[in-house]
Amino acid sequence: MRLRHWLAAGAAGSLLTISAATIAPLAAQEQVEPSKNLMPGKDVELTTARCVICHDATHITRSRLSRAEWEDNIQVMITRGMPIAPNEIPLVVEYLATYYNRDVAPPSAGAAPAAAAPSEDPVQKLLSTNACIACHAVDRKLIGPGFREIARRYQGQGDAPDQLVKKIREGGSGVWGATPMPPHRHLGDADLKVMVGWIMQQK
Amino acid sequence: MSETINDQSVQEGRVSRRGFIARVAGAGAVVASGAGLPEFALAQGAPKPPADPAGVIPNDQVMAGKDAALKIHSERPLTASATAEYLADDITPTNRVFVRNNLFTTQFDEATHMVEIKGLVDKQLKLNVADLRKNFQPVSTMAMIECAGAGRTGFNPVPRGTPWPPTGGMSCPKWNGVRLSDVLRTAGVKSGAVHVAFTGADFGALPTIPKVARSVPLWKAMEEHSMIVYGMNDGPLPVIHGAPIRVMIPGWAGSASVKWVASIEVLDAPLKGPYMDSSYRMPKHPVPPGSKMPADAASTEGWPIKSIITNPAPNATFKQGKPVLVAGHAWVAEADIDRVEVSFDEGRTWQNAQLNAKAAKYAWQTFSYAYNPRGPGYVTVLARATDSNGNMQPIVTPWNPLGYYWNGLHRVGFTVEA
């Protein structure tokens, strides 16, 4: 059919120039490219650790929701597997409802609490970048056991460091319950040694 | 009435280069056109998302198989779509079919990846692609697949979720596979069956993340266009679209069309789980913008009447003296298109567009109209479709908490030069 051919030719031709402009005055306008990182503020680290595991930060940074919607959203995310302790929920809601609120502008940069100094601690950096802290806290069980609990269990076992290195690298389940620990095969020996050394000191 | 269109009498128009977005060749990264907020958090040593686990196909590899017209909306989970001006084809080419993951893009072995047919059936089945090809009649159909949140940014305020553009997140490819009903009949559906649940084998970043799982009423699962799919547009099914095997529930919110399907379970009630009870829900009655999801809500099903204008492209320019081709698609899940009207005066008056025949029950229908410019200047065109039950597209879709079923009128502006 001629019209179809014509349309196909038109579509091919339009490949040469790509227009991102959309005219949608009947609809809300698209926002500018959202930031890949959360705004600094109280509990930004906790919010990042709990949220920016399963999805990137733009899901938050492009959103402006009411407090009620943020509360609702956290409950939905928990059903989708969000790792969060009950006492952390109000902290994360408070952060989101302060900095990404449709009705109230975020505190200006000058009024924001002083940003924490960049973390130079190699252990904290390792735990963060490998998302260990999504499932493990120091002093309590989240999805997996707390680091102190792990240190206590392996205390006094001569081959504990080797066992832990293997556990982190290979993953597994059964020691602490049915929830499996995923493997982390990309981790090098040096990093594993640093991590395990630190864990064993958490008593 | 619309005029007859022939190749010589209509103009294609030039597309403005304003708002040009370049994609780094091969890398799949989108270069932002607007200024983003400063990147504070990393400088503070905030945690970064963990690296993709083994068995996951990285986004740049997925996007290398896609047309440059696809814009990435989020990197984890990966979502991307092309807007109306790139969707003129009757059959959406595979490289322009939109991308929507809930979890990772996971690669499974074609021989060992099985789908289990279980639940209220006389005999359980365990099938791989080869079993499906060998034991069931192959079928193909063009059908709409559309994310429940397609067009979400049309709502005001914009609800949470993937920021689909007003005309992004829908595709109409040709699907190759077998009828879901043939497979269910072979297994033997027992009395008392009400819903059929599909569960994907894909996985998320943490072991505690639930699998993607949705159920549909038995009648929809048994409808002859519902399929287990292993091919797209007579070619292989790309991994990003659920290879080796996926479900395709035509015309319904895309989440029902579970990718990488591992289990098809016949149930005596709708499935319970996060993808049924907290996501993919619509209030039964409209709620004020900004509300929480009310208790009185239902799971998403078929898409309501909708249309998009694929030509002209936004901001195209035309020479005076020749008709301008206006064209697009209209679709609705469980009805037929009665008519598509177009308006060039912001909805004061409407003209019937010419409607092509529907290629398949759940395919979109192409409409066209030859517009004769009255003189030079800026022109806008609105399209409005009505289905066989008398349901007409609204000017603006009523707001709902998760931003589903956007079907407000699409409006495109273009310029006629003297």
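This is a predicted model: local features need pLDDT of at least 70, side-chain atom pairs count only at pLDDT 80 or more; totals for chains, interfaces and linings use all residues.
Figure 1. Residues are numbered from 1 along each chain as its sequence is written, chains are lettered from A and ligands numbered from 1 in the order in which they are written, and side-chain values use heavy atoms, with hydrogens and water left out. Chain B has six helices and 26 strands, taken as DSSP runs numbered from the N terminus (helices: H or I, at least four residues; strands: E, at least two).

**Figure 2. Inside the largest nonpolar core.** A nonpolar core is a set of buried Ala, Val, Leu, Ile, Met, Phe, Trp, Tyr and Cys residues joined through side-chain atoms within 4.5 Å. The largest one has 61 residues, and B:Trp175 is among those touching the most other members, along with others including B:Met63 and B:Trp364. Chain A's α7 (132-135) supplies at least two residues of this core, and so do α2 (59-64), β6 (138-142) and β12 (227-232) of chain B. The largest share, three residues, comes from β12(B).

**Figure 3. A close look at B:Trp175.** Leaving out residues up to four places away in sequence, the contacts (heavy atoms within 4.5 Å) of B:Trp175 include B:Val139, B:Ile145, B:Met227 and B:Arg246.

**Figure 4. Cysteines without partners.** Search the whole structure and you'll find zero disulfides over all chains; a disulfide is a pair of cysteine sulfur atoms within 2.5 Å. For A:Cys51, the nearest cysteine sulfur, that of A:Cys54, is 9.2 Å away. B:Cys147 has its closest cysteine sulfur in B:Cys172, 16 Å off and so too far for a bond. A:Cys51 is buried at 6% relative accessibility, and B:Cys147 is buried at 7%.

**Figure 5. Some salt bridges up close.** B:Lys174 and B:Asp234 form one at 3.0 Å, N to O. That pair links strand β9 (residues 174-179) to the loop between β12 and β13 (235-236) of chain B, 60 residues apart. B:Lys174 is partly exposed at 24%, while B:Asp234 is exposed at 55%. Elsewhere, B:Asp338, B:Arg339, B:Glu341 and B:Arg384 join up in a salt-bridge network.

Conventions:
Buried means under 20% relative accessible area, exposed over 50%, partly exposed in between (1.4 Å probe, protein chains only). A salt bridge is a side-chain nitrogen of Lys or Arg within 4 Å of a carboxyl oxygen of Asp or Glu.
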